[in-house]
Amino acid sequence: SHGADTLKEASPFPMGVGIRDRVFELPGDWPLLTAHYEYVTPENDMKPVAVQPQPGQWRFETADRFVDFALSKKLKVVGHCLVWAKDDRTPPWFATDGDKPASREVLLARMKTHIDTVVGRYRGKIAMWDVVNEALDDGSAYLRDSSWSRACGEEFIAKAFVYAHAADPDALLIYNDYNNELDGKFEKMVRLIESLHAQQVPMHAIGLQGHYELDMVPFEALERTLAAMQRMGMKVVVSELDIDVIPRGRWWANNGAERATLSKYDPYKDGCPPEILQRQAEQYARLFQLFRKYSDTILRISFWNLHDGQSWLNDFPWKRANHPLLFDREKKPKPAYHAVMRELKP
Ligand code: G3I
């Protein structure tokens, strides 16, 4: 041990975190934040729906305060995100033109205005941008079906990176997705990387979101993916890491009746059973053991939220207390924290 006492002191790769609340108004969160993390991502405040809810109606107040706060605390900012290639996450006005779907030209022009305005505003202040989020299909298609893919095919992805690079040539530009380490989606991601690189598109890193579920962490697929990225010379960020302790795969697979039963049966309502916390710790340890092997390829590892009380998983897929992170609701380190620290400084 070299005596490191916090994640960022111990870690061979920069550590980051997605921030839920108006952290600039919550001094109680600052010690944990600045002790452990080097990068912060606003969880929602820079999304297209947040900053441009209507055409030309810009809402930058929260994002501005977030960036100013982060820089004043010597934290680096990850911008999230410029294009979220899902119709239910794109502001509705973006994709329509009167009563018709927006054409390729209209969509690309709106995208350019959006990216020029947002990236330009924070030029020099944002270290990395999630440029395109979740464009690959989960099923048999290459791209997710959306207004974007229907109007532009793959071109909107390439153009988003070109526009972002022009607006801030120093920002590191990321393609971010979930399950992109798994069979099927992995091959699509490789196809996308090769295509963008053949066109000399400035896409600098792949984001593996890393929303995992207890007992279902895809260690082998992840290792295969990290090895492949290393071979291709492609950098990786783990962008939204957490381990859900209430696996929802089973929930998705079942009907509404079971959902109703499960939401009443809430075994962890007042805390998480110690044996679950222990399993979670072991699985986090295995993840970091793997990440350490690829520290030349991984540019950053960010958790999705600061502590269990702020996790998005408390709201999803139904309201109930979850325990996915390294710190509990009192902001105290959990067994998972100690396990990760043991891996980071063996
Ligand atoms: O702010 C409003 C509040 O005023 C309102 O009362 C409340 C009622 O539902 O909604 C609040 O907004 C919610 C917001 O989270 C803040 O809590 C939105 O409805 C809700 O849709 C939004 O969910 C976010 C989700 O992305 C959709 O944008 C989650 O917090 C956020 O964690 C999640 O993050 C995504 C990443 O961007 C991409 N990768 C997956 C990840 C998890 O789904």
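Student: In which element is cysteine 81 found?

Tutor: Cysteine 81 is found in strand 3, residues 76-84; a strand here is a DSSP run of E of at least two residues, a helix is a run of H or I of at least four, and both are numbered from the N terminus. This is a predicted model, in which local features need pLDDT of at least 70 and side-chain atom pairs count only at pLDDT 80 or more, while totals for chains, interfaces and linings use all residues. Residues are numbered from 1 along each chain as its sequence is written.

Student: Why does glycine 18 count as buried?

Tutor: Glycine 18 has 24 C-beta neighbours inside 10 Å and therefore counts as buried. The term buried requires 20 or more other C-beta atoms within 10 Å of the residue's own, exposed means 12 or fewer, and partly exposed lies in between, with C-beta atoms placed from the backbone. Glycine 18 lies in strand 1, residues 15-19.

Student: Which residues are in contact with glycine 18, its neighbours within four places in sequence aside?

Tutor: They are Thr41, Glu43, Glu240, Ser302, Phe303, Trp304 and Asn305; a contact requires C-beta atoms, placed from the backbone, to lie within 7 Å. Tryptophan 304 is 286 residues from glycine 18 along the chain, yet their C-alpha atoms are separated by 4.7 Å.

Student: Why is lysine 74 called exposed?

Tutor: Lysine 74 counts as exposed because it has 8 C-beta neighbours inside 10 Å. This residue is placed in the loop between helix 4 (61-72) and strand 3.

Student: Why is aspartate 215 called partly exposed?

Tutor: Aspartate 215 has 13 other C-beta atoms within 10 Å, so it is partly exposed. The loop between strand 9 (211-213) and helix 9 (219-232) holds aspartate 215. Although not a glycine, aspartate 215 has a positive phi of about 70°.

Student: Why is leucine 172 called partly exposed?

Tutor: The count for leucine 172 is 19 C-beta neighbours inside 10 Å, and it is therefore partly exposed. Leucine 172 lies in strand 7, residues 172-177. Residues up to four places away in sequence aside, it touches Ala127, Met128, His204 and Ala205.

Student: Why does cysteine 272 count as buried?

Tutor: Cysteine 272 counts as buried because 21 C-beta neighbours lie inside 10 Å. It is found in the loop between helix 11 (256-264) and helix 12. Cysteine 272 touches Val245, Leu277 and His323, not counting residues up to four places away in sequence.

Student: Which residues surround the ligand?

Tutor: The ligand is surrounded by Glu43, Asn44, Lys47, Asn133, Gln209, Glu240 and Trp312; to be near a molecule, a residue must have its C-beta atom, placed from the backbone, within 6 Å of it. By class, this shell has 1 nonpolar, 3 polar and 3 charged residues. Ala, Val, Leu, Ile, Met, Phe, Trp, Tyr, Cys and Pro count as nonpolar, Asp, Glu, Lys and Arg as charged, and the others, Gly among them, as polar.

Student: Why is tryptophan 312 called partly exposed?

Tutor: Tryptophan 312 has 17 other C-beta atoms within 10 Å, so it is partly exposed. Tryptophan 312 is placed in the loop between strand 11 (298-303) and helix 13. Leaving aside its neighbours within four places in sequence, tryptophan 312 is in contact with Trp304 and Asn305.

Student: Which residues have the most contacts inside the largest nonpolar core?

Tutor: Val83, Trp129, Val131, Ala160 and Ala164 have the most contacts inside that core, which has 91 residues. Helix 7 gives the most to this core, with 9 residues. Such a core is a set of buried Ala, Val, Leu, Ile, Met, Phe, Trp, Tyr and Cys residues joined through C-beta atoms within 7 Å.

Student: Which residues does alanine 160 touch, not counting residues up to four places away in sequence?

Tutor: Alanine 160 touches Leu82, Val83, Met111, Ile115, Val131 and Val132.

Student: Which residues of helix 13 are buried?

Tutor: In helix 13, residues 335-344, the buried residues are Ala336, Ala339, Val340, Met341 and Leu344. These buried residues pack against helix 1 (7-10) and helix 12 (274-293).

Methods. Contact = placed C-beta atoms within 7 Å.
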